[in-house]
Amino acid sequence: KHKKLITTKDFIDSFVYLPLETSPDCLIGANPKINLTENYIVVTDQNRCLLFDRNNGRFIRQIGHYGKDPDGYKSTRGFISESTKSVYLIGWSNNLLKYSFEGKLLSSIKIPNHSNNHTSTFVIEKYTYLKKDLIVCNILNINGIQNTLLMVFDENGTEINRIPNRKTGKEHKPVITTGELNFFNSYDNLLYNEIYNDTIFHLVSDKTNPYIILDRGKYSVAKGKGIPEKDRLTLRSFFESGKFIVLIFTMSDNSKYLALYNKTNSTLRLSEIQEGILNDTDDFMPFLPSDIFNDELLGSIQPLQIIKWVGDNKSAGKSVPPALKGGNSINPTDNPVIVI
């Protein structure tokens, strides 16, 4: 009932396009995670963490490296913290390795109660930061009776608090299901949402508070209730600025929706999006945000997408941003173009 076309002009003032430098030293792999900080663009793919200048897209350095030596990490499945100017990557000994943006290994942080034992039911999926000096992780309920949802610990490896799991049930054989909980950083707030719960919670060190309640009605995803596939609506992304809340949902048929809530006049609009939000701010390609830093939304475009768009929109040549030089200098194997 709130459906209405949403375009970028409704909530985006302007775009900056940054082609990331492409060289043998900084080739980015598939499905990278991209973070924005005050001075840098930090890109992690399956094996590497790369630092680029956010003013010009120039490659600066690789942070850490994959390997079993003392300075090497096991996985890039960590997080970036602007507050500590650090990158946290997963080590080999139940630990997180903390690297500075200058590439120096600063410390090894022991993860409390964690074990590499394959029989352990204390399995961590994601990590993020809480304020400046606390780390949060979510615990997968792999056997149905895991009573911990979130664990908070400090950089000394000391457990601070646990948030209980309200959805325990009967014990069953271990099954690992990922993607049921998402973290969202909004200014200094850490928010989280479980796909089977309409509430987005605000996490502080010792408790959680309801932050926003999303009344999905008949589209709610009730665990174990056998909801028809076509009626399942799942929150994927949450972005908040001083004036707007932007929510991206997917349906079970992979259709995608954008909800825009204006906090100043309490209005809600909803629009189906495919490749992204119709861009009438500068009339270039559709925009799909993947992260937010303060009031700056972040996205990326693959070179092949740009080449195809330029080929399909010959008459729109003037809309190609100057930074992309008309798209003529872009090669299909180049690194992504960052959109801010």
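Is Tyr88 buried or exposed? Tyr88 is buried, at a relative accessible area of 1%; buried here means under 20% relative accessible area, exposed means over 50%, and partly exposed is in between, using a 1.4 Å probe and protein chains only.

Okay, quick housekeeping. This is a predicted model, so local features need pLDDT of at least 70, side-chain atom pairs count only at pLDDT 80 or more, and totals for chains, interfaces and linings use all residues. Residues are numbered from 1 along each chain as its sequence is written, and side-chain values use heavy atoms, with hydrogens and water left out.

Let's start with the rings. There are 13 aromatic pairs in the structure. To pair, rings of Phe, Tyr and Trp (its six-membered ring) need centres within 6.5 Å; planes under 30 degrees apart are stacked, over 60 edge-to-face, and the rest tilted. One of those pairs is Phe79 with Tyr88, which is stacked, at 4.4 Å centre to centre and 10° between the planes. Phe79 is buried too, with a relative accessible area of 6%.

Then there's Phe184 with Phe238, a tilted pair: 5.7 Å between centres, 40° between planes. Phe184 sits in strand β16 (residues 181–186) and Phe238 in strand β20 (residues 233–240), so this pair ties together parts 54 residues apart in sequence. Strands here are DSSP runs of E, at least two residues, and helices are runs of H or I, at least four, numbered from the N terminus. Both Phe184 and Phe238 are buried. Also have a look at Phe15, Tyr17, Phe284, Phe287 and Trp309, which ring pairs link into a cluster.

On to charges. We have eight salt bridges, meaning a side-chain nitrogen of Lys or Arg within 4 Å of a carboxyl oxygen of Asp or Glu. Take Lys98 and Glu155, which meet at 2.9 Å, N to O. Lys98 is in strand β10 (residues 95–100) and Glu155 in the loop between β14 and β15, so the bridge ties together parts 57 residues apart in sequence. Lys98 is buried at 12% relative accessibility, while Glu155 is partly exposed at 23%.

Next, Arg216 and Asp198 form a salt bridge at 2.5 Å, N to O. Each lies in a loop, and the pair ties together parts 18 residues apart in sequence. Arg216 is buried at 9%, and Asp198 counts as buried at 17%.

Last one: Lys308 and Asp312, with their closest N and O atoms 2.7 Å apart. They're four residues apart in helix α1 (residues 303–312), so about one helical turn separates them. Lys308 is exposed at 54%, and Asp312 is exposed at 52%.
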